[in-house]
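Let's take a walk through a protein together, step by step. Have a look at the sequence and the 3D view before reading on.

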Amino acid sequence: MTRPLLRNLLLMVLSLMATRAFAESAPPSGEPFELVRNLQSVQDGIANGDAAAHGSHLALIRQIGEKFLAADPGVWSNPQNGQAVVIYLLSGGAPQIVRKLPRDKINVDKALFDGALAYVEGRQDEARDLFKDVKPRTIPSGMGGQVALVQGALFARSEASLAIERLDDARLLLPGTLVEEAALRREILLVGQAEDFDKFEFLTLAYIRHYRNSVYA
């Protein structure tokens with residue numbers, strides 16, 4: 001191979017490597033629901049033991065919040081983007097960002113929006129009231145799994161059987177994700193306290209089998 005050809009080939013490879021590195025490090029772009037989908041993918045990496053994902057996901061949440069604020073108000077009429085706001089909140093998003101969005105244009109159920117906001121702002125009694133009658137399996141699974149996980153946390157002390165039921169829903173709706181990983185951790189404690197040892201053993205083995213490398217394990 002001649003030197004000029006070798007040099008050109010090397011430059012092409014280096015250019016491709018630089019393009020890939022930029023794509024992997026660049027802030028996410030796209031519709032709000034696409035941004036949140038990217039966030040969920042990073043968080044699922046955490047469940048699989050990706051330490052780099054764990055270290056970068058807070059910065060990603062911040063970037064997504066900035067893009068939410070910069071988005072054209074018209075995008076929020078898309079139900080997928082409305083659902084993305086709820087998922088963003090329940091995935092660690094900043095409530096102060098969401099409060100700056102045009103609420104009258106966000107196409108999502110009021111109880112889900114207000115319940116998610118109440119939960120992340122620490123208004124637990126209000127969140128319980130708003131989420132009490134929500135059936136996670138009747139809403140889109142991406143949002144339903146997140147809501148079910150939160151219900152499991154909200155009702156763990158007052159209605160343990162309902163909390164266990166909702167954590168089962170979370171695992172069913174979002175298998176292989178950080179939501180399932182968190183649901184398993186919480187449910188293992190609840191069924192142990194309820195002395196349901198068969199289910200305790202089943203869930204513990206499921207956690208070890210699928211999430212033994214989780215950052216939270």
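How many helices and how many strands are there in the protein? There are 11 helices and 0 strands, where helices (H or I, at least four residues) and strands (E, at least two) are DSSP runs, numbered from the N terminus. Reading from the N terminus, the elements go α-α-α-α-α-α-α-α-α-α-α.

Two notes before we go further. What you see is a predicted model, in which local features need pLDDT of at least 70 and side-chain atom pairs count only at pLDDT 80 or more, while totals for chains, interfaces and linings use all residues. Residues are numbered from 1 along each chain as its sequence is written, and side-chain values use heavy atoms, with hydrogens and water left out.

Now for the inside. Of the 217 residues, 41% count as buried (under 20% relative accessible area; exposed is over 50% and partly exposed is in between, with a 1.4 Å probe and protein chains only). Next, contacts, meaning heavy atoms within 4.5 Å. Among contacts with a separation of 6 or more, 59% are between residues 24 or more positions apart.

In soluble globular proteins, nonpolar side chains tend to be buried together. Here, the largest nonpolar core has 60 residues. Such a core is a set of buried Ala, Val, Leu, Ile, Met, Phe, Trp, Tyr and Cys residues joined through side-chain atoms within 4.5 Å. Phe68, Tyr88, Leu112, Phe131, Met143 and Val147 have the most contacts inside it, and H10 gives the most to this core, with 8 residues.

Let's zoom in on Tyr88. Leaving out residues up to four places away in sequence, Tyr88 touches Val36, Ile61, Ile64, Gly65, Phe68, Gly93, Ala94, Ile97 and Val98. Rings of Phe, Tyr and Trp (its six-membered ring) pair if their centres lie within 6.5 Å; planes under 30 degrees apart count as stacked, over 60 as edge-to-face and the rest as tilted. Phe68 and Tyr88 make a tilted pair, 5.0 Å centre to centre with 55° between the planes. This pair links distant parts of the chain, since Phe68 sits in helix H3 and Tyr88 in helix H4 (residues 79–90), 20 residues apart. Both Phe68 and Tyr88 are buried, and ring pairs link Phe68, Trp76 and Tyr88 into a cluster.

Another tilted pair joins Tyr207 and Tyr211, at 6.0 Å centre to centre and 45° between the planes. These two both lie in helix H11 (residues 197–211), 4 residues apart, or about one turn of the helix. Why does Tyr211 count as buried? Because its relative accessibility is 2%. Tyr207 is buried too, with a relative accessible area of 10%.

Not counting residues up to four places away in sequence, Arg166 touches Val134, Lys135, Pro136, Ala148, Gln151 and Gly152.

Last stop: the largest pocket, with a volume of about 420 Å³. Of the 21 residues that line this pocket, Leu90, Ser91, Gln146, Leu149 and Leu178 are the closest to its centre. (On a 1 Å grid over the protein atoms alone, a pocket is an open set of points where a 1.4 Å probe fits, with protein on both sides within 12 Å along at least five of seven lines; lining residues have an atom within 4 Å of a point.) H10 gives the most to the lining, with 5 residues.

Key. Grid points are joined across faces, edges and corners, and a volume is the space filled by probe spheres set on the points.
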